[in-house]
Amino acid sequence: MTKKINIIGYSGHSYVCIEIALLNDFIIVGYCDLNNKNENPYELTYLGEEKNINSEQQVFICIADNTIRKKIYERLPNLNFNINLIHPKSIISNTVHIGFQTLICAGAIINPKVKIGNGCIINTGSIIEHECIIEDFSHIAPGAVLSGNVLIGKGSFIGANSVIKQGVKIGCNVIVGAGAVIIKDILDNTKVAGNPSKII
């Protein structure tokens, strides 16, 4: 059976999503964006606004910004968002639970009993150890390491090559800078960076 997918957003991050979709044998019907892109490396059809998408076909939001991704998901409840894009060269335990609209990139390792919500990005080469919880619309950037039993709150961004100590709780809408080392809990709506991390 032919698998068809529409995408929302067509720029740098979407290229990663498209490549993973193609590796999973999807046919990309077209893309929605604010305008028809001059640069069209995958020769996709411009669909205009999201309302033009066939509601029976699967849709993936290819936008890196957590807040925008969430807004699109919530304002288009009639679209078929029941899909994930998972790179075949990721390693995922059979006991992992994943919501919908989550992207898992090449080289990601996700160990037993992890829970991942809707609309998350688990980026290239990141490591999610046992029993972590990653709540909706969060982004784990390339090379980030979450030790066991870490909680990532909704809408948080964990920067590239950062490390989070076992058992740490990261609040909602937190931004962790690239290379940060997190050794204690972080409250909601906080920005941290450094080794050890400090509020910025």
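The structure holds zero disulfides, a disulfide being counted here as a pair of cysteine sulfur atoms within 2.5 Å. A disulfide is a covalent bond between the sulfur atoms of two cysteines. This is a predicted model, in which local features need pLDDT of at least 70 and side-chain atom pairs count only at pLDDT 80 or more, while totals for chains, interfaces and linings use all residues. Residues are numbered from 1 along each chain as its sequence is written, and side-chain values use heavy atoms, with hydrogens and water left out.

- C17 is in no disulfide, and its nearest cysteine sulfur, which belongs to C62, is 3.8 Å away.
- C17 is buried, with a relative accessible area of 1%, where buried means under 20%, exposed over 50% and partly exposed in between (1.4 Å probe, protein chains only).
- C32 is likewise in no disulfide, the nearest cysteine sulfur, that of C62, being 11 Å away, and C32 is buried at a relative accessible area of 0%.

**Strands and their pairing**
- Helices (H or I, at least four residues) and strands (E, at least two) are DSSP runs, numbered from the N terminus.
- Strand β1 (residues 3-8) pairs with β2 in the parallel sense over six bridges, where pairing requires that DSSP finds at least two bridges between two strands.
- Within that pairing, I7 has Y31 of β2 as its bridge partner.
- Strand β3 (residues 46-48) runs parallel to β2 and is joined to it by two bridges, and G48 in β3 is the bridge partner of C32.
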